[in-house]
Amino acid sequence: MTEQREERARAVTAGLDRTLGVPQIVFMVVAMAAPLTVFAGLIPLMLGSGNGIGTPVDFVLVGVVLVLFTVGYSAMTPEVRNAGAFYSYVQRGLGTGTGLGAATLALVTYSLLMVSVSAYLGAAARTVAETFLGVAVPWWVLAGAGLAAIGYLGYRNVEVSARVLGALLIAEVGIVALVDLAIVLRGGESGLSAHPLTWDAFTSGATGTGIMFAVFGFVGFEATAVFRSEAKDPDRTIPRATYIAVVLIAVIYAFSSWAMVNGLGVAHAVELAANDPEGLAPGLATRYLSRAAHDVMQVLLVTSFFACVLTAHNVVARYLFALGRQGALPVSLGSVHPAHRSPHVASLLTSGVIATVLAATAIAGLEPVVEIYAWFGGAGALGLIVLLALTCAAVFVHFRKVRTATAWTGTVALALAFGALATILVLVIGNFELLIGSRTGANVFLTVVAAAFAGGLAWAALLSRRRPEIYAALE
């Protein structure tokens, strides 16, 4: 018994393996952003209901805002020593109470996103099974199988996940690049045009809606800091990976949306996207490459969703791990598997919670794409925008106190980023009913997001009273 207790104690106090370099972290972040999913799902939606052919500029502008955010975020990275990402920064800058509020908000919003994308994973896999195998399988069965595989990978060493994500990411970026290249080489529908990159194009249509959807394409870039405990040289690796991920995502999406507009024809892109958003990307693959490319794209859509959920799973598990390490949650969540060097307990809890919520949605008879994906995804994206704004404010306040950053990194860049993020947040809340599909549903999910943050504040107050030594030790 004594030996078993000692073994458990070593597992709790042992550290995670530092095996991740810049490429592996970038793979996981970009995989969560799901380039093929954005190309096939989000960009057509932006063309049809956002600011139309000005969509490429949306991604450029949001990319610039997030680069400004990253200036201060990266400058503060050496001063934040745990793997809690946004919540650790908020805690350092705005206090322990607000930090734990941000932690709860992060856990809830990433969980919402996992449920959302898991449902779409099941729906996409169902389509592939019907198309290629002629077999009708319920979406929730396939989503459950995907979650089981994700749980297995999450339980093991993170480097295994990174290898899987790297392979899947190369495949999905590859098919998007091939379609883009084919459109460019063949001159698009009627010659290549730079008009989609102009200010006139950007200000046409619903500009606010276009910007709002563009932000969703960058979801998950904070995952660079989440893997701090497993990075080889975190003070250098995390900032580099963050910059590379943001710029890479912005370039891929801006170029791909420009290519899509030209492939459809500048004069017809908006109408075609509004009439058939789901068939737009596969149709372009057939038209400019081959029917085989269309089929490959359908299969890779499934792996794109899988990669997105896997990264989100790893992020949530590491939030729980960091909180367990600090004593804010049960210490067992901060334990490390003796063989795999992974946060295995936190990973198992993550798998169990997501599977339970997804099962509840299936029992309730919700449609996987129109209802689960749209509702849960919209709420999760809103929560992440709030986290971005909170983190930006926290980093600004931190550098006002310690004065260790330059005027540009600690003040100007952050002020510009916060102003832009606050504007985006107002746009998202104003258009939230459009995302969710009903006023009642919008109110429900707005309440969930608000309650998550409020619950974290209440948790902090309770912790300060009942376990003041733990509360005081939180950094």
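Which residues make a nonpolar surface patch of about 350 Å²? The patch is made by Phe132, Leu133, Val135 and Val299. Patches consist of residues with over 30% relative accessible area and no salt bridge, in which like charges are joined within 9 Å and nonpolar side chains (Val, Leu, Ile, Met, Phe, Trp, Tyr) within 5 Å. Accessible areas come from the Shrake-Rupley method with a 1.4 Å probe, and for residues only the protein chains shown count as cover.

The model is predicted: local features need pLDDT of at least 70, side-chain atom pairs count only at pLDDT 80 or more, and totals for chains, interfaces and linings use all residues. Residues are numbered from 1 along each chain as its sequence is written, and side-chain values use heavy atoms, with hydrogens and water left out.

Leu133, a member of the patch, is found in helix H6 (residues 96-133). Helices (H or I, at least four residues) and strands (E, at least two) are DSSP runs, numbered from the N terminus. Leu133 counts as exposed, at 65% relative accessibility; buried means under 20% relative accessible area, exposed over 50%, and partly exposed in between (1.4 Å probe, protein chains only). In H6, 29 of the 38 residues are buried, so the helix is largely enclosed by the rest of the structure. At 1.5 Å a residue, the 38 residues of H6 should span 56 Å, and the end C-alpha atoms are 53 Å apart, which agrees. The expected span is 1.5 Å times one less than the number of residues in the helix. Gly134, which follows H6, has a positive phi, near 65°.

Helix H5 (residues 86-94) is also largely enclosed by the rest of the structure, because seven of its nine residues are buried. The buried residues of H5 are Phe86, Tyr87, Ser88, Tyr89, Val90, Gln91 and Gly93. Just after H5, Gly95 takes a positive phi of about 105°. Ring pairs link Phe86 and Tyr89 with Phe69 and Tyr73 into a cluster.

Rings of Phe, Tyr and Trp (its six-membered ring) pair if their centres lie within 6.5 Å; planes under 30 degrees apart count as stacked, over 60 as edge-to-face and the rest as tilted. By this rule the count comes to 14 aromatic pairs. The rings of Phe376 and Phe445 have centres 5.3 Å apart and planes at 70°, so this pair is edge-to-face. Phe376 lies in helix H17 (residues 368-402) and Phe445 in helix H20 (residues 439-466), so the pair ties together parts that are 69 residues apart in sequence. Phe376 is buried, with a relative accessible area of 11%, and Phe445 is buried at 9%.

A search of the whole structure finds one salt bridge, defined as a side-chain nitrogen of Lys or Arg within 4 Å of a carboxyl oxygen of Asp or Glu. The side chains of Arg291 and Asp295 form the bridge (3.6 Å, N to O). Both residues lie in helix H15 (residues 291-326), four residues apart, about one turn of the helix. An α-helix has 3.6 residues a turn, so residues three or four places apart point the same way. Asp295 is partly exposed, with a relative accessible area of 22%.

Arg403 is found in the loop between H17 and helix H18 (407-430). Most residues other than glycine have a negative phi. Arg403 has a positive phi of about 55° although it is not a glycine, and at 56% relative accessibility Arg403 counts as exposed.
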